[in-house]
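Let's take a walk through this model together, one part at a time. Have the sequence and the coordinates open as you read.

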Amino acid sequence: MPRRPLVAANWKMNGLKASTGELEKIIAGAENLADVELMVCPPATLLASFAAAARGSRVAIGGQDCHAQASGAYTGDISAEMLKDAGATAVIVGHSERRRYHGETDAAVREKALAARRAGLVAIVCIGETHAERDGGRTREIVRTQLDGSLPDGAADFVVAYEPVWAIGSGVTPTPDDVADIHGFIRDRLTARYGEAGRGARILYGGSVNAANAKRLLTIENVDGALVGGASLKADEFLAIAGAYGARWSAISLS
Ligand code: PGA
């Protein structure tokens, strides 16, 4: 089953109104990247204005987190319905920084993924082992537990992002063989649980993806795109990463 690659920018807690210029460059560059879906997940303060700027373009806008409830007395939180209302079409849930700094459990992440579904957003569900877990030979066990606990039952209408915690922001990445192995493992788990539909779900790789390693990491079987942090803040580098999937962009950027 062909899966259209998705390259998503996770801006984390970065970006001011002045960053709109980067989005505009991404929107312009996206015109040359017909083979890949592009998404920018800005901080919530920029979501509505980014969605307005991206309307009618080839760039989708996503949120970085959502609350499980649709509304209520949850000071400081933002619901999936609110993200949708602001123009988002997707939301990242269970990022390792949310798990680590906000104590989010697999069960909480699953509730958020269900909230995204309820609101009509695609949930980008993040999983991945820590350095200690990897050193302890527990990568598959952790990935299996997080998949089982974080993904909602029913439709395979989500995107999975495999992001080894030790690779995030570190400049260190797993070897292509390791990526192929764990993405194959994730694919097997998805098809075991969701049947044929599990073959259609996209599995992104995330963790220190940049323009120099994109081709090597993103052209591996069962790697259906990337979730990009630091390297997504500059439009040129983000577009070069997405260019791993688009010959047309590579041709243009080299000319
Ligand atoms: P990074 O972050 O690309 O800066 O490593 C990826 C992520 O946390 O999604």
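How many residues does helix 7 have, and how far does it reach from its first C-alpha to its last? Helix 7 (residues 139-150) has twelve residues and reaches 16 Å, close to the 16 Å expected at 1.5 Å a residue; the expected span is 1.5 Å times one less than the number of residues.

## Ground rules

This is a predicted model, in which local features need pLDDT of at least 70 and side-chain atom pairs count only at pLDDT 80 or more, while totals for chains, interfaces and linings use all residues. Residues are numbered from 1 along each chain as its sequence is written, and side-chain values use heavy atoms, with hydrogens and water left out. Helices (H or I, at least four residues) and strands (E, at least two) are DSSP runs, numbered from the N terminus.

## The buried face of helix 7

In helix 7, T139, I142, V143, Q146, L147 and S150 are buried (under 20% relative accessible area; exposed is over 50%, partly exposed in between, with a 1.4 Å probe and protein chains only). Seen down the helix axis, these buried residues fall within an arc of 130°, so they line one face of helix 7; the arc is that of the directions from the helix axis to the C-beta atoms.

The buried residues pack against several elements, including helix 5 (106-119), strand 5 (122-127) and helix 8 (176-194), where contact means heavy atoms within 4.5 Å.

## The barrel

Eight strands close into a barrel in the order 1-2-3-4-5-6-7-8, with parallel pairing (two strands pair if DSSP finds at least two bridges between them).

Helix 1 (residues 20-30) lies across strand 2 and strand 3, running at about 135° to strand 3. Axes here are lines fitted to C-alpha atoms, for helices over the stretch in contact, and angles run from 0 to 180 degrees between N-to-C directions.

## Salt bridges

The count comes to 22 salt bridges, each a side-chain nitrogen of Lys or Arg within 4 Å of a carboxyl oxygen of Asp or Glu. One of them joins R4 and E37, with the closest N and O atoms 3.7 Å apart. R4 lies in the segment before strand 1 (6-10) and E37 in strand 2, so the pair ties together parts that are 33 residues apart in sequence.

D153 forms another with R193, at 2.8 Å between the closest N and O atoms.
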